[in-house]
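Student: I would like to go through this model and ask what each label rests on. Where shall we begin?
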2 protein chains.
Amino acid sequence: MLNRATSLCRRLLPALVALVPALAVGQNAVARKPPTMADVIAASKPTDWVPLDPQNTLYVEMPAGRVIIALAPQFAPQYVANVKVLARAHYYDGLAIERVQDNFVAQWGDADHAKPLGTAERSVHAEFMAALKDVSFTPLPDTDTYAPAVGFSGSFPAARDPKTGQAWLVHCYGMVGAGRDNDVDSGNGSELYVVIGQAPRQLDRNAALIGRVVQGMQLLATLPRGTGALGFYERPADRTPIKSVRVAADVPQAERTPLEVMRTDTHTFAELVESRRNRRDDWYKVPAGRIDVCNVPLPVREHSAQGAGH
Amino acid sequence: MLNRATSLCRRLLPALVALVPALAVGQNAVARKPPTMADVIAASKPTDWVPLDPQNTLYVEMPAGRVIIALAPQFAPQYVANVKVLARAHYYDGLAIERVQDNFVAQWGDADHAKPLGTAERSVHAEFMAALKDVSFTPLPDTDTYAPAVGFSGSFPAARDPKTGQAWLVHCYGMVGAGRDNDVDSGNGSELYVVIGQAPRQLDRNAALIGRVVQGMQLLATLPRGTGALGFYERPADRTPIKSVRVAADVPQAERTPLEVMRTDTHTFAELVESRRNRRDDWYKVPAGRIDVCNVPLPVREHSAQGAGH
């Protein structure tokens, strides 16, 4: 019975963004079986990984711990800049999670609409898409319901349309976006949301995605759902406070979380994708042979101090 | 700023399975705008809805409330029968949620492997697929990454392959499946899991889906994630107890939750799907024009006593 409990998922998808320790495998690299994700990670080289850029990493400190967001300035440069201005002005400190809608988003901001934005921009131009020529793009081999092609751009799930020459980030679990009013230019990053359920891909190209959570998703995904319309909390007392939001570069070295993520433009990552497209362990009887972009995990791990330089 | 907070999602997806009250709209049915989901629901007829079958509905009573599961005997008749035998023998009562893995599944069962199965079957034949000719199927218009065609069969998201003549339920948020060992016939329904994140479609056709949660998903989705491998709790004290699991038909009428769900084989449901494929309100600038089967909500509401007969 333990087997039943554990075997179901011994070989299954860890969290989409999982903190994957280096696993002790790969002794028999000549084995005929295709490598599992654990094999691929164990066999990876230091150059298959890239540390988070402290200038483009946010630490969201919540009562239960730290949520770490990797920012995406390639796709939303003005939004990312504005969010950093707000963070450095301590704008978010003392605000709260004001909304959690099951299978959709958790959102924080100034529910009382009282806090001045300081020197930050009041409105940021809609950064919902980028020019394909300006961003990297590693396509996945499989079709997608929503876009002509999907894949990865840096550490982010993305889509592209060769006909229009556009690329955009896609709303997978853990992606972070900026709220806005009906006017496409009305957002500014003071309200941010995180996807906590099935990818709401209908939001793609309708809102600016500014990054993704790479650690601490469980702190957001387990928050009580709001009982008001759209998951807003009906009583202020139900909100979960945001203690602070800091740019990692502004945090003393000793207090940083030294994470690195797997590069997505490498042969190693292609092998990882293949290991997830076709699960080959003894539990799986019908390998899917394909994968949704939002089901591809991005391996994340702590790196040692000397590893930070590669 | 309230607008920014609320407008982002005033018109967005409620929970995949949302308890949708009849909304006061539809005054101007002649308006040119295509109907929203709220319009479609408001204009629906009693015959567009079907009450849950008490003989195929489970009430999972947890400390925080009731989780309601609609069973799928069309696809997993032996599993459903065995689960009902186990429920009626009070097998699940006093067991616990033993595992919650972020963005994957919550799972309950007999973590101590001590409870006798009584008259229930020890192993159930793999019911991972059904013959297409034996089940209803209403296709969606859009392509799917994983299957030749997807749509709905009764209240459940499903896929089909005309070449093989097979149909199967798909692993969307809220779907309930039965754990098993490596042997495909090794499951029996004593261990059940519920999808709490991005649809793990790689499980399709590899495990028996026996139903879906139609109310109370937030009680499962907010459970603390286990810190052990695969989200298993490391300390028994961390587990959340299952007070009881009952077949609704065995619960006194006054204690039942009288739910009805929208039929999926109607013109009304097709209109609802279309309203979600193309979001037409003022917030959306780029309607997706397509939808993933796991993004189609199944409207659920309480019905009045006299409505139960239709």
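**Helices, strands and their labels**

Tutor: Start with helix 3 of chain A, whose buried residues are A:Tyr79, A:Val80, A:Asn82, A:Val83, A:Lys84, A:Leu86 and A:Ala87. Keep in mind that this is a predicted model.

Student: What makes a residue such as A:Lys84 count as buried?

Tutor: The cut-off is under 20% relative accessible area. A:Lys84 is listed among the buried residues of helix 3 of chain A, so it falls under that cut-off.

Student: Which strands do the buried residues of helix 3 of chain A pack against?

Tutor: They pack against strand 2 (57–62), strand 3 (65–71), strand 11 (175–178), strand 12 (192–195), strand 13 (208–215) and strand 15 (244–247) of chain A.

Student: How do you know that the span of helix 3 of chain A agrees with its 12 residues?

Tutor: The expected span is 1.5 Å times one less than the number of residues. For the 12 residues of helix 3 (residues 77–88) of chain A, that gives 16 Å. The end C-alpha atoms are 16 Å apart, so the two agree.

Student: What follows helix 3 of chain A?

Tutor: A:His90 does, with a positive phi near 60°.

Student: And in chain B, which residues of helix 3 are buried?

Tutor: B:Tyr79, B:Val80, B:Asn82, B:Val83, B:Lys84, B:Leu86 and B:Ala87. Among the strands of chain B they pack against are strand 2 (57–62) and strand 15 (244–247). Just after helix 3 of chain B, B:His90 has a positive phi of about 60°.

Student: Now the strands. Why are strand 1 and strand 16 of chain A called paired?

Tutor: Pairing needs at least two bridges. Strand 1 (residues 49–51) and strand 16 (residues 259–262) of chain A have three, in the antiparallel sense, so they pair. A:Trp49 has A:Met262 of strand 16 as its bridge partner.

Student: What partner does strand 17 of chain A have?

Tutor: Strand 17 (residues 300–302) pairs with strand 16 of chain A, antiparallel, over three bridges. There A:Glu260 is bridged to A:Arg301 of strand 17.

Student: What is the strand order in the open sheet of chain B?

Tutor: The five strands run 6-10-9-8-7, with antiparallel pairing.

Student: Why are strand 6 and strand 7 of chain B said to stand at the edges?

Tutor: Strand 6 (130–131) and strand 7 (138–139) of chain B each have a single partner strand, so one side of each lacks a neighbour in the sheet.

Student: How many bridges join strand 6 and strand 10 of chain B?

Tutor: Two, and the threshold is at least two, so strand 6 and strand 10 (residues 166–169) of chain B count as paired. B:Ala130 stands opposite B:Ala167 in strand 10 of chain B.

Technical notes: Residues numbered from 1 in each chain as written. Chains lettered and ligands numbered in written order. Predicted model: local features only at pLDDT ≥ 70, side-chain atom pairs only at ≥ 80, totals over all residues. Heavy atoms only, no water. Helix = DSSP H or I, 4+ residues; strand = E, 2+ residues; numbered from the N terminus. Buried < 20%, exposed > 50% of the residue type's maximum accessible area, 1.4 Å probe, protein only. Contact = heavy atoms within 4.5 Å.
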